[in-house]
Amino acid sequence: MKNKYIFNTVFGLAVFIFLYIISRFNYPLFHSITEMITVFIAASVFIIIWNGRHLLDNQYYLLISIGFLFLAFFDFMHMVGNKGMGVFPQYGNLGPTFYIISRYILSLSFFIAPFFIKRKVKTAIMFMIYTVISILVLLSVFYWQNFPVTYIEGTGLTTFKIISDYSIDFILLAALGLLIYNRHAFDARVLKYIYFSLILFIATGLSFTLYTDPFGLTNAIGHFLQIISFSLVFLTFVETGLAKPQNLLFRNLTQSNEEIQKLNMKLENVNDDLMYSIAELEKTDAALKISEAQANSLIKLAPTAIFEVDLIKQRFTSVNEAMCKMSGYTREELFDIDPMDLLDEESGKNLAARIIKRFSLNNSSDFIEYRVKKKDGSFIYMVFNISFNDDSLDKVFVIGHDVTIRRMYENQLRESEERFRTLSETSLVGVGVSSTEGDILYANQSYEQILGYDHAELIGTKADNVYWNPGDRNYWVNKLFSDGPIRDLEVRLKRKDGLPVWVSISASLITYGGYKAVMSTIQDISARKKAEEGLKHYAAELEASNKELEAFAYSLSHDLRAPLRALDGFSQAILEDYKDILDAAGNDYLMRIRSAAQNMAQITEGMLKLSEVIRYDIHWEKVCLSETVSMIAQDLREKDPEREIEFYIAKNIYANGDPSLLRILLYNLLENSWKFTSKSRQARIEFNSTKIDGVEVFFVKDNGIGFDMQYSGNLFQPFQRLHPDNNFPGHGIGLATVLRVVSRHGGEIWADSEIGKGTTFFFRLGDYGMQQ
Amino acid sequence: MNEKYIFMAEDNTNDTALMQRALRKCQKPNKLIVVSNGKDALNYLTSSAENAKPSVIILDLKLPLIDGLEVLRQIRSDESIKHLPVIILSASIDENDRLKSINLGADDFLCKPINFDDFVKMVSRICEQWL
C-alpha cells in the first residue's frame, strides 16, 4: 500500500513537472494536453461506472458519471473552441463559453446527484435530459447565437462569465452541503475523496475567475487543480468503485446485514409482544369470565334494585332479588306486570317524561324520587338511576334505591324544624341566636317585642346594644364557654326606646349554619321584679308592725301585772280582815276574783316570756342539753314532790345555741310532759337525740295522754289548747314560745303523738355558722 | 335614831299598800319609809343623817322624774350612800333590765309577784336578810 502511494505521488509529480515545462514553452499545447487529460478522465469515469452500474445500489455515482460524459464532450468543445485552435473562426473565442457550460454541467450534476442516492435512476430519461440540454446549448451557441458572451477581446471576461463562475461555486458548495447531509450513505474513505474533489472544483473555478490573461499563471494553476480534482473523482469512482468494488459492495452488504439483524431483532420483539399479548388475552378472558360471574352475583345480591325494562313490550326483562324484595312481588309476578303499574300516577307521569327526554339527551341518570306501590298496597319511595342501552333504544337498565327511610327521616327533621320554628315564633319567651362574635343572627317575635323592636330589625345588629351594661353579655358568654349552659340569669336589657327591662336569661351553645353560636331565651321579669320589690316593702312593713304588736303585747302584759297584783292582794286582804262581815257567798265571790286574777297573771307571764324570746339577742355557745334537762327535772320534782315520775336523760348531749333560750325551750317541753303524764300510772319522760337524714334531732318523749294528730296543725299557735282547762291547766303559750326559740335558732320542731300512748316532741337546731 | 328600816321608792300606791300589809304579816310594821319619785328618793338618801340611813333601799324601775336605774347609778356614785344595799323591785321580768341593774351595782333584782302570798314570801326574805 505504502509503495503504491509513493508511486502515485512520484508519478503525479512527474506529470505536473512535465506539464509545467511544456506550459513554459507552448501554452496552447499545455492547455490542450491538460484538457485532453480531463476529457479522458471524465469519459473514463463514465465508461467504468456505466459498465459496473449493476453493482451499485447508490445511484449517486451513476448520475455523476452520466454528467461526466456530457462534461467530457463540452470540455472537448472548450479545448477546440479556443480562438487559437481555429476550429470555429467565425464564432470568435468559444473557449470560455464551453468552459462555463461544462462547469455548469459538473456543478449541477453534483448538486442533483444526492437526491438520487436511494432513488432508482431511469438512465434513458437521464440521457434524454442531458442530450436535450446539450443540443439546446449548442443551438444557442452556433445557430441562434444568443448565448451570452463570456470574453471580449481586449476587455477580458464579461460580467456573465464572472457571475456564472461564482454561481457555479455556490452550486458546488450546496452540493457539498447536501453530500454532508447524506454522508451516512457513503463509505468514509469515498466520502473523503468526494469532499476533497468538490473543494478542488471550487478552487479551480476561483482560479479561473481571477485570471485576465488566458495564458497566465493563475490559468495554469487552474488547469493543474482541474487535473487533480478530476483525478480524485477518478480515484474515488474508478479505483474505489471498481478497482475496490468490494468496498462498495461490502458496504452495501454490511449495511444490509445490519438491517437484516435489526429487522430480525424487531421481529423477535414483535414476536415476544405477540406472545405476551396472547397470554394477556387469555388472562383477560379468564378474568372476564370471573368478573362476569362476579357481576352476576353482585347484581343478584345487591341491596339495590337492579332491573331491565323493555319499553316497547312494557315488561321487565330481568329483575334482581332486591327488586323483588322491595316491591313485594315474586320474580314471575313482576314479569307479568307493566312496570309503570308499580308507580303511582304522578310518579308514572314523571318517569315517562323522564324517559322521553332521555331519548333526546345524553345517557345519564337523575335522582327524582318515585312513589312505588308494593304488592301489599303500601308505598315506598325510590330513586332510579336509568341508563339506556346503546344497542337498542327500547331497553333501559335501571338501578333503584329505596329511600323511604331517608325520606322519613327528612320528613321528621322537617317536621321537627317546623315545630321548633312554630314554637319559637309563637313562644312568649324571647328566643335569640347570636354569633360568638356578638352579632344577632336570629330573634323571634317575643324577643323583639320584649326589647320593643320591629320585625327583623334586630338581625345583624350587635347584641351588646341591647344590654343596659354592655359588658354583661361578655360576662355570661364567657361563663357559658367555661361552665356550660346558663340558667335563669337576671340581666337588665335596654329597650329600643332606651328604657331598662329586666329579663331572666338562659343560654346554651348550639351549631347554627355550621358555626358555633349562642342560643338564648329571655323572659321579661319586670313584673316579677316589681312584685319582689313590693314584697320586700311589705315584708319590711310587716316586720315593723309585728314589732309594734310585740311591743304592745309586752307592755300590755307588763302593765297588767300591777292591777292584777292589786286585785289579788286586796281581795286577799278583804278575805283576811273582813271575813266575819261577809257571808259564805261573799267569801266565795272573793275567792273567784282571786282565782281569776291568778289565771290572768299566768297568761300575762306567758306572754311576757314569749315576747322576751322574740326580743332577746341570741348568744351562741355550746350547751350541754343533758345537764339543762337534769336541772329542769330537779326543779319540777321540787315544785311537785308528790309526783312519782321516771326521767330518762341521755348523757352528753350537746348543742350550739343560746343557753337561756334553750332552757326556756326545754322547760316548756318538760313541763308539758310533766303536766300530761299526771294521769299516767308509771309516768316516764325521756330526753334523747337521734339522727334523721344525717342531722342530729333531739326529742322529749312521754307516755302521757297524747293527742289526736289531726289537730296537730294548731299545736304551736298561741292560746291554742288541745285539752280542757279543768283537766290540764294552761294557756297555750308554752308551745308557741318553744316554736319561737327553735325558729330563732334556725331549727324545726314537730310532734308525734297518739291518744293514750304519749307524745314525742322532736326538734333540731340550725347550724351555728348559718346564723352568723 | 338607830332603827333599821326599809326605804322604798314606789309611785304605785297599790304596791305601797301591799308592801305595808306584807311587812305587817312579817311582824315588821312601821319599818318602811316610802317616796313616790326618784328625785325625792335621792334627796332623802343624801340629806338623812348617817345614822338615820335605811338598812336597805328598794327601787322601782319606772319612777317619775328620775328613773330607778338612774337613782341607782347616783347612789353608787355618791360616797356617802354608795355602801347602802339596793334591791331593784320591778314589774319587769326583762332579762336586760336585770343585767343592767346588776351591772350598776344592785344587790338584787326581784320581780313583783302577782300572787300576794308570793309577795309576802319575798318581803319576808328581804326582812330576814337586811333588817
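Tutor: Let us begin with a single side chain, bearing in mind that this is a predicted model. Trp50(A) has a relative accessible area of 22%, so it is classed as partly exposed.

Student: With which residue does Trp50(A) form an aromatic pair?

Tutor: An aromatic pair is read from the distance between ring centres and the angle between ring planes. Trp50(A) pairs with Phe127(A), at 5.4 Å centre to centre and with 90° between the planes, an edge-to-face arrangement. Trp50(A) belongs to helix H2 of chain A and Phe127(A) to helix H5, and the two are 77 residues apart. Both rings are part of one aromatic cluster, together with Phe46(A), Phe70(A) and Tyr130(A).

Student: Why is the pair of Phe307(A) and Phe316(A) called edge-to-face?

Tutor: Planes over 60 degrees apart count as edge-to-face. The planes of Phe307(A) and Phe316(A) stand at 80°, with ring centres 5.2 Å apart, so this pair is edge-to-face. Both residues are buried.

Student: Which charged residue lies over the face of Trp502(A)?

Tutor: Lys529(A) does, at 4.3 Å from the ring centre. Likewise, Arg643(A) lies over the face of Trp674(A), at 4.8 Å from the ring centre.

Student: How many salt bridges does the structure hold?

Tutor: Side chains of opposite charge can pair when their charged atoms come close. Over all chains, the structure holds 35 salt bridges. In one of them, Arg594(A) meets Asp568(A), with the closest N and O atoms 3.0 Å apart. Arg594(A) is in helix H17 and Asp568(A) in helix H16 of chain A, so the bridge ties together parts 26 residues apart in sequence.

Student: Are Arg594(A) and Asp568(A) buried or exposed?

Tutor: Arg594(A) counts as buried at 13% relative accessibility, and Asp568(A) counts as buried at 0%. Consider next the salt bridge between Glu748(A) and Arg764(A), at 3.1 Å from N to O. This pair links strand S18 and strand S19 of chain A, its members being 16 residues apart. Here Glu748(A) is partly exposed at 42% relative accessibility, and Arg764(A) is partly exposed at 24%.

Notes. Residues are numbered from 1 along each chain as its sequence is written. Chains are lettered from A and ligands numbered from 1 in the order in which they are written. This is a predicted model: local features need pLDDT of at least 70, side-chain atom pairs count only at pLDDT 80 or more; totals for chains, interfaces and linings use all residues. Side-chain values use heavy atoms; hydrogens and water are left out. Rings of Phe, Tyr and Trp (its six-membered ring) pair if their centres lie within 6.5 Å; planes under 30 degrees apart count as stacked, over 60 as edge-to-face and the rest as tilted. Helices (H or I, at least four residues) and strands (E, at least two) are DSSP runs, numbered from the N terminus. Buried means under 20% relative accessible area, exposed over 50%, partly exposed in between (1.4 Å probe, protein chains only). A charge sits over a ring if NZ of Lys or CZ of Arg is within 6 Å of the ring centre and within 35 degrees of the ring normal. A salt bridge is a side-chain nitrogen of Lys or Arg within 4 Å of a carboxyl oxygen of Asp or Glu.
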